[in-house]
Amino acid sequence: MSRIFVHEERCKGCLLCTTVCPEEALEQSERFNPNGFKVVQQNQQSECTGCAFCAEICPDYAITVFRKKKSAQETAT
Amino acid sequence: MSSQPQAEERVAFALPLTMSGASTHFCPGCHHGIIHRLMGECLEQNGLGESAICVGSVGCSVFIYNYIDVDAVEAPHGRAPAVATGVKRALPDRFVFGYQGDGDLAAIGFSEIMHCANRGEDVTIIFVNNTVFGMTGGQMAPTTLLGQNTTTSPKGRDMDKDGAPLNMSELIASLDGTAYSSRVAVNTIKNIKQAKKALKKAYRAQNQKQGFSFIEFLSACPTNWKMTPLQANEHVGTTLMQRFPLGVFRDTVE
Amino acid sequence: MNAQSDTVSLIKGNEAIAKGALAAGCQCYFAYPITPQSDIPEYLSGELPRQGGEFIQAESEIGAINMLLGVAACGKRAMTSSSSPGISLKQEGISYLAGSELPGVIVNITRGSPGLGSIDPSQGDYYQATRGGGHGDYRMLVLAPSTCQEAYDLTIRAFDLAFAYRNPVMILGDAILGQMKEPVLERRETVDTSQEASEWALSGAKDRPRRLIKSLYLADGALAEHNERLQAKYQEMHKEQDWEEFATQDSQVLVVAFGSVGRIAKSAIRMLRGQGYRIGLFRPVTLYPFPSERLRELAKNNSLITIENNAGQMVDDVRLAVRNVSDSAFHGVMPGKLPSAEDFLTPILHVWEQNSQIAQAAER
């Protein structure tokens, strides 16, 4: 399953990413980063497809997206 | 959950190498950061990082040189198109781009931008329109919407006193020296993809020496619009675009 | 740029400046028409492109100085010229050149001011040139030619100084110098200046870290530190002091005058020397750095009179230079009136009379 990593120290809690995630997998957490912003997090209910839309719209480059490499056998078919 | 790729994982999205990676000073939800990344990406994909020279302006936009890692020079307020002209005439084979806000370009710098375009200088000007003077605290700008409250139009911009907002992309598109002029936005993924195409076209116009290229980015300014980042992002799509429609207004690029 | 021929040509001061710029390897020139300097852009509009350079008639003097800033940031030699009102428009750009430590040559063929004034000669822009008409504690090297030959030579020096100090340099002429014609010997050899800025100029960050040319320093103490570096540079410039002395070996009264007025004063001094009066001339060529030390020396055994084509500006620097040693009388020809040698005789003799009365009183 693909996933994102939020560099929490960079996030400003603007939540633009939550408006573009097709799986609605992003939500505001209750955690504050050192700058006092409530950072975003991936919620548990939905699955990240690695589409990277969230990273595309993030103004602060706070999201790195990891896409699952199809295992060798899957790419062969 | 690690910040590094694990087994079977590859990084699907990373910051272009032309970016410094420094976290930005912009307000939460400000679109400058998105625009910078698109420009950095386009520079990297066109292999322009090593030949690019950035001309910064005065306003929130000035700190672009902290985030895009290329040779850069600061222009006095409003004068980036003239400085860019000088840079391009001095180094015709370098990729020269200016980055200006609406106060810088459409108010004090109106003469410079129009004449730079009219001369058909082979430079690219990125124009960020957020309808206010941002850095100085949200005063009225030439692109402030009718009725829009700012710190210097407390009762809303008044047509009789302050005139109507200036549509720069259309004005610049009317000049023969302009090879490409379009208006884009970064408030949705679709618009971001469109904006990337516009940047590519503008960069090609310059590289093929076909004349002046210009892209206006509509941009949110939550702080000075007194909105949340989500409301401001919404506002770009609903209200701004009524006065400032997206589109390509001139394209003679082969 | 091809080598200049070793010729002498009868040309205007304006053209001498334009030719001097080409001889100095000027590659870009940014123009805007204004009397009485328009011969400079007119000449360069044909000649500069012919030698592979860039000529632009800008949208305004503001556009022009900022185009120069762009070229300077790339370490190339550029010039712009105008006259008083146009030079006022360039002041912000000049302050940015100083703050960003960028080289460039700005020519002011001064005209009658303030406001629209006239197209008569004037020296009314002395303060603006030497004290900085823009914002902040910056200085420009200011060179004041009095002959067409000097206009040619000083323009070449201006470019060399601009790049030596990474600072804007001004040629301060006036309508007399700009419009009069004199023979000018053009220099033959051209110097290769292509690498003079390779250490700092922008060129695209290839195989090196990116470079940034700016004047914004927001971090705590950063601007103060930057200003201290600038002030040290301005002190460094003091060794560039340059002046002309005429008949000072036995003078008792010294006329201090620059540019065209310095030359007209020399004629007056020759007339008075013919009548046996021991008068001398001190003509500053660099207005910044002002040649204070030598003037202070001469003031020990001379009474001074400063003559200018304005309401009194350089006289301040003269008095500063000789404070506690002497003072200076002043004779000003109002801009709008053409200064002539005959006009200077009476004020100089007035100082001569005062001087001899003091001398007689001292003997009794």
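**Rings and a sheet: a short tour**

Let's start in chain B. F95(B), F97(B) and Y203(B) form one aromatic cluster. Keep in mind that this is a predicted model.

How many aromatic pairs are there over all chains? A search of the whole structure finds 10. I'll take you through two of them, both in chain C.

Here is one. Y126(C) pairs with F258(C), and their ring centres are 5.5 Å apart. The planes meet at 50°. Stacked pairs stay under 30 degrees and edge-to-face pairs go over 60, so at 50° this pair is tilted.

Are they buried or exposed? Both Y126(C) and F258(C) are buried.

Now the other pair: Y277(C) and W352(C). The centres are 5.4 Å apart, with 85° between the planes. That makes the pair edge-to-face. It also links distant parts of the chain, 75 residues apart. Y277(C) lies in the loop between α10 and β12 (279-284). W352(C) lies in helix α13, residues 341-363.

What about burial here? Buried means under 20% relative accessible area. W352(C) has 13% relative accessibility, so it counts as buried. Y277(C) has 22%, so it counts as partly exposed.

Rings can have charged neighbours too. K214(C) lies over the face of Y217(C), 4.0 Å from the ring centre. K266(C) lies over the face of F246(C), at 5.4 Å from the ring centre.

On to the sheet. Chain C has an open sheet of 7 strands. Read the order with me: β3-β2-β4-β5-β7-β6-β13. The pairing is mixed. Which strands stand at the edges? They are β3 (54-57) and β13 (286-288) of chain C. Each has a single partner strand, so one side of each is left without a neighbour in the sheet. From one strand to the next, the twist averages 20°.

A quick reminder: strands of a sheet pair through backbone hydrogen bonds, either parallel or antiparallel.

Let's zoom in on one pairing. Strand β2 of chain C covers residues 28-31. How many bridges join β2(C) to β3(C)? There are 4, and the two strands run parallel. You can find one of the partners yourself. Look for F30(C): its bridge partner in β3(C) is I56(C).

Note on methods
Residues are numbered from 1 along each chain as its sequence is written. Chains are lettered from A and ligands numbered from 1 in the order in which they are written. This is a predicted model: local features need pLDDT of at least 70, side-chain atom pairs count only at pLDDT 80 or more; totals for chains, interfaces and linings use all residues. Side-chain values use heavy atoms; hydrogens and water are left out. Two strands pair if DSSP finds at least two bridges between them. Axes are lines fitted to C-alpha atoms, for helices over the stretch in contact, and angles run from 0 to 180 degrees between N-to-C directions. Rings of Phe, Tyr and Trp (its six-membered ring) pair if their centres lie within 6.5 Å; planes under 30 degrees apart count as stacked, over 60 as edge-to-face and the rest as tilted. Buried means under 20% relative accessible area, exposed over 50%, partly exposed in between (1.4 Å probe, protein chains only). A charge sits over a ring if NZ of Lys or CZ of Arg is within 6 Å of the ring centre and within 35 degrees of the ring normal.
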